[in-house]
Amino acid sequence: MDFRRMASSLLFRVVVAIILGISCSFFFPEALARVFITFNGLFSNFLGFFVPLLIFALITPAIAGLGRGAGKWLAITTGVAYTSTVLSGLLAYGVARGVYPSLLAGERLDTNVSDIEAGAIAPYFTVEMPPPLELMSALLLAFCLGVAMATMKADRLYNATRELEQIVMKVVSSFIVPLLPLFIFGMFLNLGMNGNLVDTLVAFGKVLVLATVMTLVYLVLQFCLAGALTGTNPLRALRTMLPAYGTALGTASSAATIPVTYRAVRKNGVASNVAGFVVPLCAMIHLAGSMMKLTLFAFAIVYMSGMEVSVGLAVGFIFMLGITMIAAPGVPGGGVMAAVALLSSMLGFSDDQVALMIAAYIAIDSFGTAANVTGDGAIALIINKFARNDLPEEENTLEEGEAAPSAA
């Protein structure tokens, strides 16, 4: 095993941060703990400042790009991917409401350190960082500009938003992501010092198992629907996608899995030109597995914290989350970074609750990514069924050596 490669993995660094945070909580003096609490406060304030800019910079060119692609099928594929992502969230919310009262019975989450014997631990100092835009203002501005650019030729403005997108992603990958392990270290140090650590880890272990199982259940549902619409054997089609699932599990990257996903989709009988735009597009915008994880973990925190979230607010959160995740940056943990603002503004999460969400999400990031790319195969089957008449006849044949699964 290449240790240097493993050590460079975000998951590895997060695991180390969690272990160190737990260990240090047993012997750290208050003065030293306040250093990390100060850092967490500064980092949280920076996230609050930066996330509206992140949302604007990513969503604007994503919407504008819809008017510059493969016409109606690009829009239809985007709609199908968004619907799949939102349905995953709604299913997860329904499961959470039905299962958590028994699964998490008696579990409570308290990330406040005010009960520590030496007295309230406060940061040494804080720096207010007001955001340039409110979250909703950023979303509305992104939609307005994106739709306008999609309906008219505005190449210079479009290129400028693409350049802004690259700059923002550079900040995410070079500054925010490298500091996440330190942020998570401080959060678990916090949890350990308030005596709530064991209960939290036990409860989140249960949710982790539930989230992994539910992503697999949703994949079966996706392929059953695709099979019913296309006359394809769903289990055989799902089995054909297993190489993509395994590759994504190892890389935790939808983009890196595109070649494997493309080959698997072609073996399922999808025309080459349909696969050629569905697979790369869905690698960026179809996030049903990630949505499943985020929703289950978010409402586990809501339940364990005793927070009141109405059904209407929860459904609105899921629909908004589906939009923001479409523009999730292509870095490990990008989905949860895009969700930070919504967790705070709509569900009322504290900084420590957001940090706990980030840690939990990254812990099984690859399982969500694997579910995302495998589900892309179901979408490709559906689009191929309805786009076939728009394709040249010769594009609908399989390459030599490829075999489509038999019909159900």
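User: How are α12 and α16 oriented to each other, and what angle do they cross at?
Analyst: In this predicted model, the axes of helix α12 (residues 288–305) and helix α16 (residues 365–387) cross at roughly 140°. The two helices are therefore oblique to each other, because angles over 145 degrees would be needed to count as roughly antiparallel.

User: How close do the axes come, and which residues make the contact?
Analyst: The axes of α12 and α16 come within 6 Å. On the α12 side the contact is made by Ala-288, Gly-289, Ser-290 and Lys-293. On the α16 side it is made by Asp-365, Gly-368, Ala-371 and Asn-372.

User: And what classes of residue are those?
Analyst: The contact of α12 with α16 has two nonpolar, four polar and two charged residues.

User: Now α10 and α11. What angle do those cross at?
Analyst: Helix α10 (residues 258–267) and helix α11 (residues 272–285) have axes that cross at roughly 140° and come within 10 Å. That makes α10 oblique to α11.

User: Is that crossing left-handed or right-handed?
Analyst: The crossing of α10 and α11 is right-handed.

User: Which residues meet there, and what classes are they?
Analyst: From α10, the residues are Ile-258, Thr-261, Tyr-262, Val-265 and Arg-266. They meet Ser-272, Ala-275, Gly-276, Val-279, Pro-280 and Ala-283 in α11. By class, this contact has seven nonpolar, three polar and one charged residues.

User: Changing topic: where is Arg-97, and is it buried or exposed?
Analyst: Arg-97 lies in helix α4 (residues 71–103). Arg-97 counts as exposed because its relative accessibility is 52%, and the cut-off for exposed is over 50%.

User: How far is Arg-97 from Ala-300?
Analyst: In sequence, Arg-97 and Ala-300 are 203 residues apart. In space, their C-alpha atoms are 9.6 Å apart.

User: What does UniProt list as "transmembrane region"?
Analyst: The unreviewed UniProt entry lists several stretches under that name, including residues 208–230 and 296–320.

User: How much helix do those two have in the model?
Analyst: Residues 208–230 are 100% helix and 0% strand, with the end C-alpha atoms 33 Å apart. Residues 296–320 are 80% helix and 0% strand, and their end C-alpha atoms are 16 Å apart.

User: Finally, the whole chain. How many helices and strands, and how much is buried?
Analyst: The protein chain has 16 helices and zero strands. Of its 408 residues, 52% count as buried.

User: What share of the contacts join residues at least 24 apart?
Analyst: The share is 87%, taken among contacts between residues at least 6 apart in sequence.

Notes
Residues numbered from 1 in each chain as written. Predicted model: local features only at pLDDT ≥ 70, side-chain atom pairs only at ≥ 80, totals over all residues. Heavy atoms only, no water. Axes fitted to C-alpha atoms, helices over the stretch in contact; angles between N-to-C directions. Helix = DSSP H or I, 4+ residues; strand = E, 2+ residues; numbered from the N terminus. Parallel < 35°, antiparallel > 145°, perpendicular 65-115°, else oblique. Left-handed = near helix turned anticlockwise from the far one by under 90°. Contact = heavy atoms within 4.5 Å. Nonpolar A, V, L, I, M, F, W, Y, C, P; charged D, E, K, R; others polar. UniProt positions renumbered as here; feature names shortened; annotations may be inferred. Buried < 20%, exposed > 50% of the residue type's maximum accessible area, 1.4 Å probe, protein only.
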